[in-house]
Amino acid sequence: MSTSFRKPRRNFRKKITVDSESEDEKQEVIDVDNDQNDNKPQIFSDEKKQKKKKKDKESQEMGMHRTSSVLSFNEDQEEGEVFKVKKSSHSKRIARQLKMQSKLAREEEEKHQKKEETPPRKASPVRREEPREERDEEIRRLRAEFQSLNGEDAEENESEEETEGGIPLKKMMKKGEIPDATMIHMIRKKRQQARDIGDFIPLDDTDRVENSKSRLVRDDDNDKSDDEDDERIDFSVNTQARERIKIQNDFLAAEHGSDNEDSDQEREWEEQQIKKGVSLGSEQTDGVASTGPSHNDHYNDHYNGYQEVVMEKKTFTPFQSLTQSGDCKVISMEIIRRRLQDRLNSMDEVHRSHTQERDSLVSDISDTEKSIETCQEKVAGLEGRYRFFQEMRGYVRDLVDCLSEKVPEINNLEQRMLNLWKNQARKFLSRRQQDVRDQCQEYMTSNVSVNRESPEFQERQRRAAEREARRSRRRRAREMKDIVGHHDGLSSDDEENHSEIAKYNLEKESVLGAQEQVFEDVVEDFSEVESVREKFEDWKQTYRETYQDAYIGLCLPKLLNPYIRLSLINWNPLEANCADFEDMKWFDTLVFYGFRLQDTVFKGDDDIGLLPSIVEKVLLPKLTVTAESIWDPLSTTQTSRLVNVISKLSRDYPCIQANNKATQYLLNAIVKRIRTTLEDDVFMPLYPKAVIDNRSTNASVFFHRQLWVCIKLLGNILSWHGILSNQMLRSLSLDGLLNRYIILGLCNSGVNKETIQKCQSIISTFPKEWFTDLDEDKTMPQLENVSRFLVSAAKTVYQEGQSKNDYDKRDSREFIKQISKMLVNIHAMEYAVNLPM
């Protein structure tokens, strides 16, 4: 053989032990001797190392367990050392071993099943000797197997036996001689005995050796060492091997000493195991299974004659046999009947539970089938519902996007129209104030020389001419209408010339033209209130619950706000020909929104408050801006129109109330505008009595005109009775105007028929509700000045009538009667009683 296939040299020291079976069966224990390395060469090669490494990896994947190598020295040495020999697991026989792996796995599975079927035997110190015929048969089989080996396998076995057989085998191999079957059998038998007592160096996984039926063991098959030179060698004492040797020696001594006793004991043990087989079958099976993956070790322990398996705790107790009784020694029919009855009751209980479970499952199946049918019936409706809501979702998104684009244009148009009205109202107000200043300056400085060439004088003359022309036109208009009882100062100076009117109309038409073009580029579904109403009304009629859950009734006023504001751009309640908002198209479209003739109106329906909410969020803010910036409190027509609109809203719509913020903003704007007028527009000139009595002078005309303006303003303020609070009205009309300006003018003017008319006009403006709640005969404190003036006027008329003829006396008495009626109307009874008659 070539030296390239030789293994590394190993020097061993022999130890021969005598077995009780025969003198020929001797066991060699090999140890390392560093002084004899050169005398025992062994075959080893790099190629064989690689093959054995591959074999070790495959063995690990199949779950094979390796055992540590143990090398025993003389029994006298108590501190023997154990070391591991590294050797390549790669062999040239890998191909053949891979084919045998499936066969070995099947054999292991059959052994495992056999163990489960057969109860495990308890550890016993007795082991029967293997029959001689079986050993002879095993030797013949080993010889046949050895003769079948050839080529490199034979050479490897020879190399292995050379190391195990000692020097004679080595010498024979050097000479080229082949050992006979007897020598081979003796060598392998010694190695098998070494494995049984654990005093050997395992060169491969012991599980495979123990599970193998063949007793031919090769060094390459049992070698599980590797080529890692840096691994440390373990020289610890193998106490387990020593215990096994001791147990085996005791067993052999007992076996040769009492064969008959062993056989009797073994037969008695088998009978005990047979008796326990009926009741402990499942427990024994669990005990075998509890040994886990180490069932091969359990089998090996039975082979060696002892067992180290610890039985697990019993986990399942089967029914006891009817022939056995726990406490009773005698079995009777009553006991058997009672046990049968108990078993029958338990089976009935199980049957009842199964029946209930079956009934429950049948009921569940029935309910499930009904649910499936119901769901299938709802599929079409749910599909339509889903499609409707998807369309509605897309429509609302498009509508919001459209309004987001159009709202800035609507705001712009609304602001343009509001500016147009503001400019017109500001122009009338400034012109009236300028006329009062011009007349006051003219009549106060009539006797002072004035430069008639100055631009200011010429401008004033121009304004005076325009003023007189407007008054002449109004006078002619009243004469054509046959209006009686008019006084200068009662009419509003709000006329314009043709150029200003044309300019105003041109700007207004521009705004109205842009109003019509706002939704020209929008489809019909988004351009009109009616289209939006149809979409949401269809939603309400089809899916009312979801409509209410989405609070559409609360969202619609804000959604319709741009459309309504666009329709109200030209709506000005202060103008003469202004249309009522209830006559507009959007109002007719929304007045019956969400309701049909056959439907029942629910009180909690949010759509009931749709129009009131629109009035609150759209009309009231527009009226607030109108009263604050456009309304002229000195104009009786504008005041009456505004009062009528607000009175109608407060009467027909519940949102117009004192607690509503929009209403509060409107009323505050009205009060603020009246106070501004009292501060800026009211003027009462003071002239000598002689000048005032001379009605032909311009100063007298101016005085009486301003006095009638104040009386007119008093009536306009008191027309807000029922809208503004009584306390606020008394403060504005009586304290701010009557006692501050009107009484002063009445006192400066003479007592005549015109003065009596002025007093009657003043008394007629007071609301009658102010005096119905007065219990005493005294009037209100704010009217004390008026009462005193009337008493003073009555006395003056009476004194003047005493010096006149009877006709004049009759007129004087008539004036006194009128004064008495006026005192009674204001509940000033104490003053009426003291009038001269």
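Analyst: A helix here is a DSSP run of H or I with at least four residues. The model is a predicted one, and in it S527 belongs to helix α16, residues 524–527.

User: Why is S527 called buried?

Analyst: Buried means under 20% relative accessible area, and S527 has a relative accessibility of 18%, so S527 counts as buried. Beyond its neighbours within four places in sequence, S527 is in contact with F519, V522 and Y563.

User: What makes the approach of the S527 side chain to the backbone oxygen of E524 a polar contact?

Analyst: The cut-off for a pair of N or O atoms is within 3.5 Å, and the side chain of S527 reaches the backbone oxygen of E524 at 3.4 Å.

User: Why are α23 and α26 described as roughly parallel?

Analyst: The axes of α23 (residues 661–680) and α26 (residues 726–748) cross at roughly 5° and come within 11 Å. Because angles under 35 degrees count as roughly parallel, α23 is roughly parallel to α26. V671, I674, R675, L678 and E679 of α23 make the contact with M728, L732, G736, L737, R740 and Y741 of α26, and by class this contact has 7 nonpolar, 1 polar and 3 charged residues.

User: How do you know that the span of α27 agrees with its number of residues?

Analyst: With 12 residues (753–764) at 1.5 Å a residue, α27 should span 16 Å, and its end C-alpha atoms are 17 Å apart, which agrees.

Technical notes. Residues numbered from 1 in each chain as written. Predicted model: local features only at pLDDT ≥ 70, side-chain atom pairs only at ≥ 80, totals over all residues. Heavy atoms only, no water. Helix = DSSP H or I, 4+ residues; strand = E, 2+ residues; numbered from the N terminus. Expected span 1.5 Å × (residues − 1). Axes fitted to C-alpha atoms, helices over the stretch in contact; angles between N-to-C directions. Parallel < 35°, antiparallel > 145°, perpendicular 65-115°, else oblique. Contact = heavy atoms within 4.5 Å. Nonpolar A, V, L, I, M, F, W, Y, C, P; charged D, E, K, R; others polar. Buried < 20%, exposed > 50% of the residue type's maximum accessible area, 1.4 Å probe, protein only. Polar contact = N/O pair within 3.5 Å; in protein donor to acceptor, adjacent residues only side chain to side chain.
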